[in-house]
Amino acid sequence: MKLFGRKKEEEIITKKRATTFDYVLLVFFIFMIIITVYPFLNVLAISFNDPMDTMRSVNFIIPRKFTLSNYIYIFTENDLMSPLLMSVARTVIGAAAGVLCTAMISYVLSRKDFYFNKPFTILFVITMYVSGGMVPEYLLLTRTLNMGNSFAVYIIPGLIWVYNIILTRSFIEGLPIALQEAGKLDGANDFVIFYKIILPLCKPVLATVALFVAVGQWNSFMDTYLYARDLPTLQYVLYEIMEKATIKVDTHSATAANQIKNSVSPMSVRMAITVVATVPILIVYPFLQKYFVSGMTVGAVKD
């Protein structure tokens with residue numbers, strides 16, 4: 001009876017500990033959700049809030065004085081249609097070309113019969129830590145390659161990301177080698193094996209790479225600033241609008257009446273620009289989420 005009573009007490013203590021641990025985890029995850037979601041809600045609320053009211057305080061998640069003046073200022077300041085199309089074009093073409101080039105290089109580096117496998121891998125990895133610098137890059141693109149103010153300057157420099165190559169190569173190395181050997185026995189050459197066997201199996205990791213490249217292409221504006229101001233992208237135009245808003249408020253900040261007349265503040269415009277620049281990626285991401293998770297997990301696991 002005593003032994004049975006001890007077991008009963010141990011079970012009760014274990015259940016209490018498990019329940020306490022569950023509550024601790026619940027509180028921890030609720031806290032993590034709050035600190036993760038709050039910045040996004042704060043940005044969204046400021047973008048829809050009256051600029052003059054925002055100057056009073058920026059710590060809120062619901063607009064105190066709802067207004068569309070920030071977005072009206074952004075969309076009426078410049079014609080955003082042409083820069084938007086430019087950003088969409090560079091994102092789609094850059095992502096497609098980047099995925100194709102990454103897949104081809106990764107397939108070659110994953111081949112055990114490629115004699116220069118290790119030397120090329122080392123050279124690629126070195127570029128992750130050492131770069132030529134901005135000045136040599138500028139001279140190479142504008143003078144040697146003559147790509148200044150051309151659409152190619154958006155695509156060619158960003159074709160290859162070493163991290164994406166490593167990720168894709170790891171995924172390909174995890175595929176059964178018997179599939180490639182079976183293709184060779186059927187008379188398929190390397191191009192047929194790559195196109196018919198490797199690419200279809202690499203959809204998860206290639207979707208992950210496409211998401212990485214697309215986000216990088218969409219958010220980039222420094223290359224426009226340095227090399228292609230005649231071909232402005234949406235991010236660059238939004239950056240210019242934000243700078244103009246800052247200068248406008250600074251030059252008319254002598255009295256509160258002038259600021260109200262301007263009906264704009266750098267903080268409000270900055271948050272509205274953040275929302276405009278982020279929404280397209282948020283729309284696309286759910287369609288690639290399952291491939292993204294699969295590519296990141298399976299690509300890092302070897303059979």
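The questions below ask how some terms apply to residues of this predicted model.

Residues are numbered from 1 along each chain as its sequence is written. Local features need pLDDT of at least 70 and side-chain atom pairs pLDDT 80 or more, while totals for chains, interfaces and linings use all residues, and side-chain values use heavy atoms, leaving out hydrogens and water.

Q: Why is Gln180 called buried?
A: Buried means under 20% relative accessible area, exposed means over 50%, and partly exposed is in between (1.4 Å probe, protein chains only). Gln180 has 8%, so Gln180 is buried.

Q: Where is Gln180, and which residues does Gln180 touch?
A: Gln180 is in helix H9, residues 177-185; a helix here is a DSSP run of H or I with at least four residues, numbered from the N terminus. Leaving aside residues up to four places away in sequence, Gln180 touches Tyr107, Arg111, Ile193 and Ile198, where contact means heavy atoms within 4.5 Å.

Q: Why is the pair of Phe114 and Phe120 called tilted?
A: Rings of Phe, Tyr and Trp (its six-membered ring) pair if their centres lie within 6.5 Å; planes under 30 degrees apart are stacked, over 60 edge-to-face, and the rest tilted. Phe114 and Phe120 are 5.9 Å apart centre to centre with 40° between the planes, so the pair is tilted.

Q: What makes the pair of Tyr115 and Phe116 edge-to-face?
A: The centres are 5.2 Å apart and the planes stand at 90°, so this pair is edge-to-face. Ring pairs link Phe114, Tyr115, Phe116 and Phe120 into a cluster.

Q: How do you know that Arg229 lies over the face of Tyr225?
A: A charge sits over a ring if NZ of Lys or CZ of Arg is within 6 Å of the ring centre and within 35 degrees of the ring normal. Arg229 is at 4.2 Å from the ring centre of Tyr225 and lies over its face.

How values were computed:
Helix = DSSP H or I, 4+ residues; strand = E, 2+ residues; numbered from the N terminus.
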